[in-house]
Amino acid sequence: MKELAGRLTALDPDAGAAVRVIAYFDRLSESRAGLEALVRGAAVLAGVPARLVDAERRVRVRVEADGTRRDSGDPPDPGWPSAALVPGGAAALWLERAEAAPSVVDAVILERAAGAVRLVLDRTRGRAPVDDPALVETVLDAGAPEAARVHAARGLGLDPGGTARALAPLDGRPLVMTGRVDAETLTGRTGTGRVGVGPEVPMLDLPRSWAQARTALRFTAEGTAQDPGQRVVHADELGGVALLADLVAPGAEAPPDVRALEAAGASTPWLLATLDAVVSTASLRAAAAEINVHHSTLQDRLSHAEHLLGWPLRTPQGRLRLQLALTMRHLTRS
């Protein structure tokens, strides 16, 4: 590549420079360089500050031409040369060059740097869920021919040989996501409702991830005083608890312990949130801190709850029984 760049430079300086740019970003990508290194490379090669802005994923990186990072909250100038990270997307890489039209080398810098940045963001911050309804339905359909699912994956911009996971929002269409999934990413893409998250699987195994995401959704809660619990549940964190979903059908008659919880919760507004804190924290003191009450107050509440429910809550067996009852409560009403 170095020899080729030298020969091209003798014939066309811009062509030689472009080849060197391509080789430079290829090396950064092979070494799995981070966002700042990629933006710094764009700035140093272009000789002007470079700026990465992805407001949706809360990423802002600005590097001066000398390689010094100096972020800025000011919006980019629309007149600067830029490259979108995805076609038509708002996230972009900018070169702060306003005094002249972008050169051929600028265009190559932006194209190669933006492509490398997109790969890093997809790997580390999670790719935006793809939501073309027909194509998503196809990749999640176990009955669809493999060729059709491969075609749909490509239509969604996904690598058929890569991995992804399915998401099952309570009040929305199915989604497919690549990369890491965190609470911030999910909130930005699905809103603040309940979401079941399937495991990361090979692209052609997405129907399995979708089935597990729907199961995980049944274990979610609204996160309110009357429906305490997690709003987002990952299927691969459920373990053997997921087997309960096969035993408790939605809308079926609630087991006796769940009926006891419902009756106790109806008469005592603080009860369900208190009991959820007891089973989801490491100790009673941690549970008291979670619901912002004194430890002695929590003890009084547990005594009252034991009277209402009819079983002890401060023994390992009683806590397990309580956790199962709370879990089955989610499963019967979903």
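# Close-up views of a predicted model

**View 1. Strand β1 and its side chains.** From β1, A50, L52 and D54 point one way, R51 and V53 point the other way, and all are buried. Buried means under 20% relative accessible area, exposed over 50%, and partly exposed in between, with a 1.4 Å probe and protein chains only. In a regular strand the side chains alternate between the two faces of the sheet. Five of the five residues of β1 are buried, so the strand is largely enclosed by the rest of the structure. Helices (H or I, at least four residues) and strands (E, at least two) are DSSP runs, numbered from the N terminus. This is a predicted model, in which local features need pLDDT of at least 70, side-chain atom pairs count only at pLDDT 80 or more, and totals for chains, interfaces and linings use all residues. Residues are numbered from 1 along each chain as its sequence is written, and side-chain values use heavy atoms, with hydrogens and water left out.

**View 2. The open sheet around β1.** Four strands form an open sheet in the order β2-β1-β4-β3, with antiparallel pairing. Two strands pair if DSSP finds at least two bridges between them. Contact means heavy atoms within 4.5 Å. Axes are lines fitted to C-alpha atoms, for helices over the stretch in contact, and angles run from 0 to 180 degrees between N-to-C directions.

**View 3. The two neighbours of β1.** On one side, five bridges join β1 to β2, and the two run antiparallel. V53 has R60 of β2 as its bridge partner. R51 stands opposite R62 in β2. β1 and β2 form a hairpin with four residues between them. In the turn, R58 has a positive phi of about 55 degrees. Four bridges join β1 to β4, also an antiparallel pairing. Here V53 stands opposite A92 in β4.

**View 4. The salt bridge of E96 and R51.** A salt bridge is a side-chain nitrogen of Lys or Arg within 4 Å of a carboxyl oxygen of Asp or Glu. By this rule the count comes to 17 salt bridges. In one of them, the side chains of E96 and R51 meet at 2.9 Å, N to O. The pair links distant parts of the chain, 45 residues apart. E96 sits in the loop between β4 (92-95) and α4 (104-124), and R51 in strand β1 (residues 50-54). E96 is buried at 14% relative accessibility. R51 is buried too, with a relative accessible area of 5%. A network of salt bridges links R51, R62, E64, R70 and E96.

**View 5. Where α10 meets α14.** D257 and R321 form a salt bridge, their closest N and O atoms being 2.8 Å apart. D257 lies in helix α10 (residues 256-267) and R321 in helix α14 (residues 316-333), so the pair ties together parts that are 64 residues apart in sequence. D257 counts as buried at 18% relative accessibility, and R321 as partly exposed at 37%. Two packed helices are described by the angle between their axes and the distance between the axes. The axes of α10 and α14 come within 9 Å and cross at roughly 85 degrees. The two helices are therefore roughly perpendicular to each other. Angles under 35 degrees count as roughly parallel, over 145 as roughly antiparallel, 65 to 115 as roughly perpendicular and the rest as oblique. From α10, the contact uses D257, V258, L261 and E262. From α14 come R321, L322, A325, L326, M328, R329 and T332.

**View 6. The salt bridge of E253 and R259.** The closest N and O atoms of this salt bridge are 3.5 Å apart. E253 is exposed at 68% relative accessibility. R259 is partly exposed at 40%.

**View 7. The aromatic pair.** A search of the whole structure finds one aromatic pair. The rings of Y24 and F25 have centres 5.3 Å apart and planes at 85 degrees, so the pair is edge-to-face. Rings of Phe, Tyr and Trp (its six-membered ring) pair if their centres lie within 6.5 Å; planes under 30 degrees apart count as stacked, over 60 as edge-to-face and the rest as tilted. Y24 is partly exposed, with a relative accessible area of 27%. F25 is buried, at 1%.
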